[in-house]
Each structure stands twice: as structure tokens, then as C-alpha cells.
Amino acid sequence: MSNAGPVLVIKLGALGDFVQALGAFHAIRKNHEQARLVLLTTKPYLPIAEASGYFDAIRSDGRPEWWQWNAQRALHAWLRDLTPTRVYDLQTSARSSGYYRLFGPSRPEWSGIAPGCSHPHDNPERNDMHTIERQREQLATTGIMEVPSPDLDWLDADTTRFQLPQRYVLLAAGGAAHRPEKRWPAFAQLATALAARALTPVLLGTAAERNVTNAIHETCPAAIDLTGQTSLMEIAGLARRAAGAVGNDTGPMHLIAATGCPSVVLYSHASDPALCAQRGPDVRIIRKPSLYELSTEEVEAQLTLR
């Protein structure tokens, strides 16, 4: 492959998928050390991408809405003008595959699932693979045979502004509001049990999850509620200093687990850990047909604290 043009990586989201692509980013960077490496992503993941140091340039408007005509035209013009030598489409969606057609007859080498691309990942069972294994197999079609776990020491942030006690446990009790079956209903009881062990529960969540964290805090006033106050990089920083973490199958738990924080992640029938389980040095997965069947004692028994 010629080194004349830049190499483009496409990864738009979501959070868990972006975190699980960090190893692929690292491998692509190592295999294109002399190339200008460009990332197309979305705004929430810009801080992580910048902190990684893997990319020479980042564009963060990779998913304009259908009605944002000007934004779509600007993005399409940017892609064509970029004239990449190779594209690694790690999003492998209908949208990202559609970008392949924008290049017309001068299409770059393309790793993904776009029809007619030069390096297709055409395993018919690709959707039954865990995200990380699927990306490794996709990259192997381009000659990148090793995708080791990357050094994530850079995935950190100063968290002194929160003035937390020395021993705390992160609780990620939220999740998509339209998927209530993915939310364990006993986080308040767990918070109370942790507080009784002189472990301060620290509640994480977005503003949209405030009803969940408020209910926990009402039951356990000893908990510290950081709902809506943390950036993604600060969540990583908090995880590096936490005694442990418990959460539902949510994006923040991918970030927390990746830092090495001892983590327990709770799954119901609504998602399959074989396809998307959080990965890290110390991750325990508990799965029940319904999270209403999961006791506080079972969760505590799986939580290894440092």
C-alpha cells in the first residue's frame, strides 16, 4: 500500500464500542507509523481520542442527522477531499459503509463490510462474535495480525475536585430509560451495605438518570452523588482510584473496567456478554434471566476490592 495519502479510521460510537476499539486503534497506529492517521468519530469521544495520542487529526461530526443537510454535505466533501489511501471502518454500519460510495471510481483500500470493498470482513458469523474478537479478525484481513491489549496509562484525569474519601466504590446504576430490564433494582441496598463496611458509594450517571441516583441517595445518604458532574475522562480517573465498581451493562462500565478497576457488571436476558462483555484485568460478569432475581449478597460476593 502506498504511503502517499492519510489513513482514515471510522468509529462513531457508542461508548462501550469506542472503548473496545482502543486496541484496534493502537494496532493500526503501530502498523502505519509513518502515515498521517485520521479519525472520524462523534463529539462525546473526542476527549478520549485526543488523550490517546494515536491520531494526527480527528473530526468529530461523523454522524449528522438526516435533516442536517449542510452538515452532511460538508462531511461528504471532507471525506472526498481527504483522499485516504486506506480506510478502516470499525463502525461497520449502513451509514459508515455508505461513505465508501462517496469516493466514486477512486475509492481507497477499505476494510469493512461495504459491498465491493478491497478488504471485506465477510465472516457470516461476524455478528455472533464479541466486539474485540470481531475487530481482530477484521484487521487480520488487512495484514494486521496482532491486536494486543494497549497500554492505557493515558486513560486518566485529575479528580481531586470531587474531594472523595480514600475508600470508595463506584456505582453505575443507570442505563437507557427504554431498556428498564437492563437495570438492577437493588443498588440502594448495595449502597447501604457498602456504607456499613466503611466504603463510600459514589453514584455515577447522566442528568437523564437522576431519578435513579436520587432514589439511591435518599435510601443511603452516605453515598456521594456525582450525577451529571463527570466527564468521560474523569470517570476513568475515578475508576483508577476506586476500591471497586458495580454497574449495569452500560457504557461507563466499559470505561471503568478498561482502567483495571475491579468491576462487577450485571446482565439480564436483554444483552449477551458473549457479544459485548466489558473487558479488563479484573472483571466479573453476573447474568440472570431477570435482574430482579439477583440478590445484594450475590453481588457483594463477586466484588473484589483493592
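**Salt bridges, burial and pockets**

Reply: The count comes to 13 salt bridges, a salt bridge being a side-chain nitrogen of Lys or Arg within 4 Å of a carboxyl oxygen of Asp or Glu. This is a predicted model, where local features need pLDDT of at least 70, side-chain atom pairs count only at pLDDT 80 or more, and totals for chains, interfaces and linings use all residues. Residues are numbered from 1 along each chain as its sequence is written, and side-chain values use heavy atoms, with hydrogens and water left out.

Me: Which residue forms a salt bridge with Arg-136?

Reply: Look inside helix H6, residues 131–140. Helices (H or I, at least four residues) and strands (E, at least two) are DSSP runs, numbered from the N terminus. With the closest N and O atoms 3.4 Å apart, the partner is Glu-133.

Me: Why do residues three or four places apart in an α-helix point the same way?

Reply: Think of the number of residues in each turn. Places three or four apart point the same way because an α-helix has, per turn, 3.6 residues.

Me: Is Asp-249 buried or exposed?

Reply: Asp-249 forms a salt bridge with Lys-182, the closest N and O atoms being 3.4 Å apart. The pair links distant parts of the chain, 67 residues apart: Lys-182 is in the loop between strand E7 (168–172) and helix H7 (187–196), and Asp-249 is in the loop between strand E10 (244–248) and helix H10 (251–258). Buried means under 20% relative accessible area, exposed over 50%, and partly exposed in between (1.4 Å probe, protein chains only). Lys-182 has 19% and is buried; at 10%, Asp-249 is also buried.

Me: Where is Arg-29 found, and which residues does Arg-29 touch?

Reply: Arg-29 is found in helix H2, residues 22–31. At 14% relative accessibility, Arg-29 counts as buried. Contact means heavy atoms within 4.5 Å. Not counting residues up to four places away in sequence, Arg-29 touches Ala-35, Leu-37, Tyr-54 and Asp-56.

Me: How many residues of H10 are buried?

Reply: The buried residues include Gly-251, Met-253 and His-254. Just after H10, Gly-260 takes a positive phi of about 100°. H10 itself is mostly covered, and of its 8 residues the number buried is 7.

Me: What is the volume of the largest pocket?

Reply: On a 1 Å grid over the protein atoms alone, a pocket is an open set of points where a 1.4 Å probe fits, with protein on both sides within 12 Å along at least five of seven lines; lining residues have an atom within 4 Å of a point. Grid points are joined across faces, edges and corners, and a volume is the space filled by probe spheres set on the points. Helix H9 (232–241) and H10 each supply at least two residues of this lining. The volume is about 470 Å³.

Me: Which elements give two or more residues to the lining of the second largest pocket?

Reply: About 340 Å³ of space lies in the second largest pocket. Of its 18 lining residues, those closest to the centre are Ile-132, Ser-149, Pro-150, Leu-152 and Arg-279. The elements that give two or more residues are H2, H6 and H10.
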